[in-house]
Amino acid sequence: MTEARGRAALVTGAGSGIGRAIARRLARDGFRVAVNDVDATATGRAAAEIDGLPVVADVGDRAAVGRMVGEAVGALGRLDVLVNNAGICRLGAIADFPEADWRATFRVNVDGVFFCCQAAVPSMVRQGRGNIVNIASWSGKSGAPYFGPYCASKFAVIGLTQSLAREVAAHGIRVNAVCPGIVGGTEMRARVDDAARALGRPTGAERVGLIPLGRLAEPDDVAAVVAFLVSDEARYMTGQAINVTGGLWMH
Ligand code: NAD
C-alpha cells in the first residue's frame with residue numbers, strides 16, 4: 001500500500017494487543033505512526049519497535065487528548081489516519097453492575113472515541129482528506145449476557161461512526177468501524193476469560209466451535225482490515241461497521 005508513504009497515523013491503545021498489531025501494520029505499510037497508550041512503559045516499547053512517536057495519554061481525558069493530537073500533528077506535520085482502538089471490558093450482570101465500572105467503560109470506550117475524533121477532525125478538514133477507524137466489536141451489534149455495559153458502549157461507537165461519517169464526507173474524510181469477534185492472545189482476552197470463568201461462562205477458546213472459520217481471531221487479522229479501510233482501495237466505503245469474526249457474526 002505504497003500510497004501511505006509520507007502519511008501519518010495515530011493509533012490509541014497501541015501499547016499492546018490489537019492496537020499494537022495495527023501500529024505495526026501501518027508502519028509496515030509506510031505510515032509514520034504516533035503510538036498512544038495510557039501505560040507509559042507499553043507506549044515506549046510499542047513505539048520503539050516501529051520507530052514511532054510515543055504519545056502517552058488517557059483517551060478519556062479531553063485535555064490530554066487535545067495535547068496528544070497537537071503533539072502528533074506538530075511532530076509528524078499532518079494527521080491522515082486516526083485509529084480509535086483503546087478500550088476496556090468489564091463483565092457482570094446489569095442488575096448489580098457497579099456504577100464506577102459502568103462509568104469507566106463509557107469513559108474509555110465512548111468518551112475516548114468522541115474526544116479523539118473531535119481533536120483530529122480539524123486537521124483532516126484542513127488537509128481535505130482523512131481516515132478514521134473505530135475499533136468496535138461484534139458486541140456492538142448484539143447484546144450478550146454479562147457484557148451489557150461493554151455492548152452498550154460498542155453500540156455507541158457504531159452510532160458515532162455513522163453520524164460522523166455523514167458529517168465529514170464532504171471534506172474527503174471517511175469514517176468506518178471494525179467489529180472484531182473473539183480475538184485471542186491479548187490482555188483483554190485474558191481478563192475477560194478470567195471473568196467469564198468466575199461467572200461460570202465459557203471462555204473465548206471454549207466458544208471456538210461456534211466460529212465457522214474454526215479459530216479465534218489474531219490481532220493481525222484485525223490489523224489487515226484496518227490497513228485496507230485506510231487505503232485508497234476502500235475509497236468508496238464510509239459509515240460501515242465491518243465484522244472480522246471468522247463468520248461468528250454475520251449481520
Ligand atoms: P488490550 O487490553 O490487550 O489492549 C488495550 C490497550 O488499551 C492497552 O494497552 C491499554 O493500556 C490501553 N488503554 C486502556 N485504557 C486506555 C485509556 N484510557 N487511554 C489510552 N489507552 C488505554 O485489548 P485488545 O484485546 O487489544 O482490545 C483492543 C480493542 O479491540 C478494544 O477497543 C476492544 O474493545 C476491542 N475488541 C477486542 C476483542 C477481543 O476479543 N480482544 C474483541 C472485539 C473488540
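Predicted model: local features only at pLDDT ≥ 70, side-chain atom pairs only at ≥ 80, totals over all residues.
**View 1. The seven-stranded sheet.** Seven strands line up in an open sheet, and their order reads β3-β2-β1-β4-β5-β6-β7 with parallel pairing. At the edges sit β3 and β7 (241-244); each has a single partner strand, so one side of each goes without a neighbour in the sheet. Going from one strand to the next, the twist averages 20 degrees.

**View 2. Helices on the β3 end of the sheet.** Helix α2 (residues 40-48) packs on the sheet, where it touches β2 (32-37) and β3. Its direction makes about 165 degrees with that of β3. Helix α3 lies across β1, β2 and β3, and it too runs at about 165 degrees to β3.

**View 3. Strand β6 and its partners.** What does β6 pair with on either hand? Strand β5 (residues 130-135) pairs with β6 in the parallel sense over six bridges, and β6 pairs with β7, again parallel, over four bridges. Towards β7, Ala177 finds its bridge partner in Ala241.

**View 4. Side chains of β6.** Is β6 mostly covered or mostly open? Covered: eight of its eight residues are buried. In a regular strand, side chains alternate between the two faces of the sheet. Here Ile173, Val175, Ala177 and Cys179 point one way, with Arg174, Asn176, Val178 and Pro180 pointing the other way. Both sets are buried, the arginine and asparagine included.

**View 5. The largest nonpolar core, and another one.** Which residues have the most contacts inside the 35-residue core? They are Leu10, Met68, Leu82 and Ile132. Elements giving two or more residues to this core are β1 (8-11), β3 (53-56), α3 (62-76), α4 (99-127), α5 (148-168) and β6 (173-180). Helix α4 supplies the largest share, eight residues. Zoom in on Leu82 and, leaving aside residues up to four places away in sequence, you'll find it touching Leu10, Thr12, Cys116, Cys117, Ala120, Met124, Asn131, Ile132 and Val133. Apart from this core lies another, of 30 residues, including Ala21, Val183, Val226 and Ala234.

Methods:
Residues numbered from 1 in each chain as written. Heavy atoms only, no water. Core = buried A, V, L, I, M, F, W, Y, C linked by side-chain atoms within 4.5 Å. Buried < 20%, exposed > 50% of the residue type's maximum accessible area, 1.4 Å probe, protein only. Contact = heavy atoms within 4.5 Å. Pairing = 2+ DSSP bridges. Axes fitted to C-alpha atoms, helices over the stretch in contact; angles between N-to-C directions.
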